Amino acid sequence: MSESTQPSCKTIKTTCAYCGVGCGINATVNTDTREVTVKGNEDHPANFGRLCSKGSSLGETVGLSTRLLDPQINGRQASWDEALDEVAHKFKTIIDKHGPEAVAIYGSGQLLTEDYYVANKLMKGFIGSGNIDTNSRLCMSSAVSGHKRAFGSDTVPNSYEDLEQADLIIITGSNMAWCHPVTFQRIRAARERNPNMKIVVIDPRRTDTCDIADLHLPLASGTDVLLFNGLLKFLVDGQYIDQNYVESYTQGFEEAVAAAQDDCPYLGTIANRCELNEKDLLTFYNWFAETEKTVTAYSQGVNQSSTGTDKVNAILNCHLVTGKIGKIGSGPLSMTGQPNAMGGREVGGLATTLAAHMDFHIEGDADRVARFWKTDRMSKGVGLPAVDLFNAVYDGKVKAVWVIATNPAVSLPNANKVKEALKRCEFLVVSDCVTNTDTLDLAHVKLPAAGWSEKDGMVTNTERCISHQRALFPLAGNSKPDWWIISEVAKRLGFEDAFNYSHQVEIFREHAALSGFENSSDQRLRDFDISLLADISEEQYNNFEPTQWPITKEYPKGKARFFAEGEFYTPNRKANLVALKYKAPANQPSKEFPLVLNTGRLRDQWHTMTRTALAPRLNLHRPEPFVDIHPDDGHKFKLTDGDIAKLSSQWGDMFARVNFTASQAVGDVFVPMHWTQQFANHGRMGTLVNPIVDPFSGQPESKHTPITIAPFGAD
Ligand code: SF4
């Protein structure tokens, strides 16, 4: 059962609101006082009872003082009918006049699967535009593109438990100790049980993750393709290739190896170009070559790049040629950032994808989805990914935007331009659970959405595990679930029959049915198949226990691993080894902007702090925006440790407290992503970040922006 009751309180099994680890929580709730105490759910396969600082503070974030509790139109309180009528009327007017491409939805990996599904169905299936994208574009879209390029499908081949079974773990592009803390705790515990386990951390910074590293490779920012192309060449030269796997289950070997050899003729060259010690590089290559059970866990440091997809494929190439994939303790593991980034991928939450892992560019897929939805208004092609979308708003081509559960005025690159775009937008609707954000403040219509403690639906974590996030309280004030809000607008746009849902389970059943629709003769679509849940009862839904997909008659309890025996989702079922040439980051340091800005998360804050800032103890960790800089650079730029500095790039400025630290490489600085105008008016790091994107994934290069720095008041 998911719920137990005592005289004065009840305990409800739910999931954490924050990162993609997707920890299970036992929340003990007093509905009279709205008090919640949380403990890790010992039965949940993501965390087995563990929680990090953010998850364990969730009870401090459920108060109503910062909650948006009523709809508003142009600053005045309105009824739901008025607000929904206004949204539908304005969208319809703009669509009628300018076509469906003149409107857009921008959502979030915070949305539950049911919310995400309905939003995509409305925009792609009934409004008839691909213009629905999500902030997951900023965190893992390069992993999606890399998976599809190699496997033919967006399939994570391994599971968390493989990290505990491995003898070698490579953590690359991830400060896992802060960003996926419970997974990090699991690795640390596994290492204590397995003294032979080795851990390599690849990161330009020396982060807390390095505390457990046997080897830290502080590679030069952006040189990941060189590093892994060098590994591929090393594996071929040393005859560490799994010939049977390569010949039976892959294609493109010769071309991929030729490209790697071209890029990386000598070990010394790679070490030089990656700015690594040659001996350390050789140690890493030898460990990878000689360790059968090897997991490479990667995250935003790989994905957030103008060559993010190539970086992902450089990692996948090395695992594929050695057959280290989909096996116990062996495989690549893309760590997702947000609680339901994976659920978004399932429903086609990106502007470039379709529901149930179908794709616009594959003939017949859009028609298949259209048949399932019984619509003749299906979008004919992809929509605009996040950066392009807000450029189109800025240029006046997209005239109405509905932002749901995210804050693009802060989080997108070139954030000043995004903010200006939102100011120019003819009609901006924002659904959120809080009273103000930089984006919400600009909205014509504000719609109060249910918060974490009131939402009820499914989320999927990094390892493809679907869990039920359950409501702890009744809806606050006049707030409503996102799926309800979207469906009500859809009905007012004339799509009554297709959006006539009365409970989220109906949406989940439809989502599950679509995953198995007309796919019996199409192996390509069977990685994400949860059609066994298409008839799930409300009771089964309420009591649903965490399960990895696929969930079919063949795999009723899910499947932990893919691809040990090939069977990829390409037309000939073989994986693609991708020929890769190293490309330097798009914007290089210059005389005017000589330093490289890296950005990321802190241990105790989440995104733009709308919830974590409500927990006093979380604010103690790092209470204000700061810039980490090597003392040599600090002195060079005449900074004083602890004083305020102005950081400037070609795209904008911000101010931050200077922190001298040798954990930064000379020439690099680090700024956290969290602060907004509410918390620090001039501390928005998005104003600095360059808007260059990866050509395959559309993911921005948030880890490499040329900047300069000066003491406050120096200009
Ligand atoms: Fe929540 Fe992630 Fe922490 Fe788990 S690791 S408690 S999901 S923030």
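Mentor: Let's start with the largest nonpolar core, which has 191 residues; Ile169 and Val401 touch the most other members. A nonpolar core here is a set of buried Ala, Val, Leu, Ile, Met, Phe, Trp, Tyr and Cys residues joined through C-beta atoms within 7 Å. Keep in mind that this is a predicted model: local features need pLDDT of at least 70, side-chain atom pairs count only at pLDDT 80 or more, and totals for chains, interfaces and linings use all residues. Residues are numbered from 1 along each chain as its sequence is written.

Now zoom in on Ile169. Leaving out residues up to four places away in sequence, Ile169 touches Leu163, Ile187, Met197, Ile199, Val295 and Ala297, where contact means C-beta atoms, placed from the backbone, within 7 Å. There is also a second, separate core of 22 residues, with Val596, Leu597, Leu639 and Met685 among them.

On to the backbone. Most residues other than glycine have a negative phi, and most peptide bonds are trans. Ala405 isn't a glycine, yet has a positive phi of about 60 degrees. You'll find Ala405 in the loop between β15 (400-404) and α18 (408-411); helices (H or I, at least four residues) and strands (E, at least two) are DSSP runs, numbered from the N terminus. Ala405 is buried, with 22 other C-beta atoms within 10 Å. Buried means 20 or more such atoms within 10 Å, exposed means 12 or fewer, and partly exposed is in between, with C-beta atoms placed from the backbone.

Glu275, also not a glycine, has a positive phi of about 60 degrees, but Glu275 is partly exposed, with 15 other C-beta atoms within 10 Å.

Note on methods:
Two residues are in contact if their C-beta atoms, placed from the backbone, lie within 7 Å.
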